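Biologist: Could you take me through this structure, one question at a time?

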Amino acid sequence: MEQNPIKTTHICSYCKQELPLENFYIRKGKQQPDNYCKECRRIKTLVHKKSKSTSRPKNNAPQRVVITSVLDREERMRLILQARQKVNESIARKKRMVAEAEMKAMDAIDARDG
Ligand SMILES: [Zn+2]
């Protein structure tokens, strides 16, 4: 009874062809041939790259940092604080402008009445 027969061929799970092992990449560590033969692996990689680039247009919009997609917690906190600070600043600026406008209006009323 043969235990561990040394295989010299491998069946590609993509093209279903039985091919000599030299037509497969050997996965390091496992010392097992790849599921796909070199040719199919190449095709699959090309297809994969293509579909990736079409599903995610690169040139249309500049990449923005989405706060929720930033995984690092400290970095995310920093960005949130930064965003919050900007909002606060603009609110403060608006309030100041409104206050100034009110003051001017009051001045105008004072000048007219007084
Ligand atoms: Zn194949």
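This is a predicted model: local features need pLDDT of at least 70, side-chain atom pairs count only at pLDDT 80 or more; totals for chains, interfaces and linings use all residues.

Modeller: Residues are numbered from 1 along each chain as its sequence is written, and side-chain values use heavy atoms, with hydrogens and water left out.

Biologist: In what order do the elements of the protein chain run from the N terminus on?

Modeller: Helices (H or I, at least four residues) and strands (E, at least two) are DSSP runs, numbered from the N terminus. The protein chain has two helices and four strands, and from the N terminus on their order is β-β-β-β-α-α.

Biologist: Which residue in E4 is the bridge partner of Ile26?

Modeller: Two strands pair if DSSP finds at least two bridges between them, and strand E3 (residues 24–27) pairs with strand E4 (residues 32–37) in the antiparallel sense over three bridges. The two form a hairpin with four residues between them, and Gly29 in the turn has a positive phi of about 90 degrees. Within E4, Ile26 has as its bridge partner Pro33.

Biologist: Is Tyr14 buried, partly exposed or exposed?

Modeller: Tyr14 lies in the loop between strand E1 (9–11) and strand E2 (18–20). Buried means under 20% relative accessible area, exposed over 50%, and partly exposed in between (1.4 Å probe, protein chains only). Because its relative accessible area is 43%, Tyr14 is partly exposed.
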